Amino acid sequence: MQIEQMQQMVTESGFEFQGTFDPLRLVARDEVRDMCAADKCHSYNKNWACPPGCGEIEDSNEKFKQYASGIVFQTVALMEDEFDFDTTLQTAMTHRERFNSLVDKVRETGLDRETVLLVGSGSCSICPNCTYPDAECRFPDKIFPSMEALGLMVSEVCDIAQIPYYHGPATLAYVSCVLFN
């Protein structure tokens with residue numbers, strides 16, 4: 001797939017910012033996984049899209065080498081203040097809807113997971129109770145690990161792609177990416 005085609009799909013999905021990067025510059029880091037292990041989101045070791053269910057750091061670094069191009073993209077919102085929970089929830093939902101739109105667009109091209117790696121934001125919430133680790137994922141075609149779950153420092157990926165990670169005071173950015181051939 002041409003990078004311009006994927007950029008167009010990202011734009012059509014409604015994301016405010018996007019930037020391209022070389023996946024060979026990505027480095028999955030143990031210290032990011034250590035933040036996951038602190039379990040502040042309550043998904044560590046409880047969800048197929050989160051560590052350790054999504055694979056090891058070495059797996060992530062090997063995955064990145066399989067792709068020729070990458071695009072990081074963002075949904076950005078202005079909050080009333082740092083405690084604006086309503087905007088946080090609305091922005092998360094908007095980002096997820098946009099991400100799902102991109103997933104649909106990619107699937108319409110006929111590309112599969114061997115050709116395209118879609119990386120979401122946050123943990124999977126499709127099922128009220130994840131089957132991890134007792135049984136296989138019920139919806140393996142709908143699950144996407146987050147950038148952090150793969151060990152990526154999100155701000156670093158934004159820097160590599162030359163887009164801002166921080167958009168100023170009282171702003172919130174949800175970030176995802178896609179790697180492809």
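## Loop prolines and a positive phi

Pro-52 is found in the loop that runs between helix H2 and helix H3, the latter covering residues 57–64. In this predicted model, the peptide bond leading from Pro-51 to Pro-52 is cis, with an omega near -5°. The loop between H2 and H3 also holds Asp-39, a residue that has a positive phi of about 60° although it is not a glycine.

A cis peptide bond is also found where Tyr-132 joins Pro-133, and here omega is about -5°. Pro-133 lies in the loop between strand E3, residues 116–119, and helix H5, residues 154–160.

## Packing of H1 and H4

Two packed helices are described by the angle between their axes and the distance between the axes. For helix H1 (residues 3–12) and helix H4 (residues 85–108), the axes come within 9 Å and cross at roughly 145°, and the crossing is right-handed.

On the H1 side, Met-6, Met-9, Val-10 and Glu-12 take part in the contact, where they meet Leu-102, Lys-105 and Val-106 of H4. Sorted by class, the contact of H1 with H4 comprises five nonpolar and two charged residues, with no polar ones.

## Salt bridges

The structure holds four salt bridges. One of them pairs Arg-98 with Glu-16, with the closest N and O atoms 2.9 Å apart. Because Arg-98 lies in helix H4 whereas Glu-16 belongs to the loop between H1 and strand E1 (17–21), this pair ties together parts that are 82 residues apart in sequence.

## The largest pocket

When the lining residues are grouped by class, 16 are nonpolar, five are polar and three are charged.

Definitions and conventions
Residues are numbered from 1 along each chain as its sequence is written. This is a predicted model: local features need pLDDT of at least 70, side-chain atom pairs count only at pLDDT 80 or more; totals for chains, interfaces and linings use all residues. Side-chain values use heavy atoms; hydrogens and water are left out. Axes are lines fitted to C-alpha atoms, for helices over the stretch in contact, and angles run from 0 to 180 degrees between N-to-C directions. Helices (H or I, at least four residues) and strands (E, at least two) are DSSP runs, numbered from the N terminus. A crossing is left-handed if the near helix is turned anticlockwise from the far one by less than a right angle, and right-handed if clockwise. Contact means heavy atoms within 4.5 Å. Ala, Val, Leu, Ile, Met, Phe, Trp, Tyr, Cys and Pro count as nonpolar, Asp, Glu, Lys and Arg as charged, and the others, Gly among them, as polar. A salt bridge is a side-chain nitrogen of Lys or Arg within 4 Å of a carboxyl oxygen of Asp or Glu.
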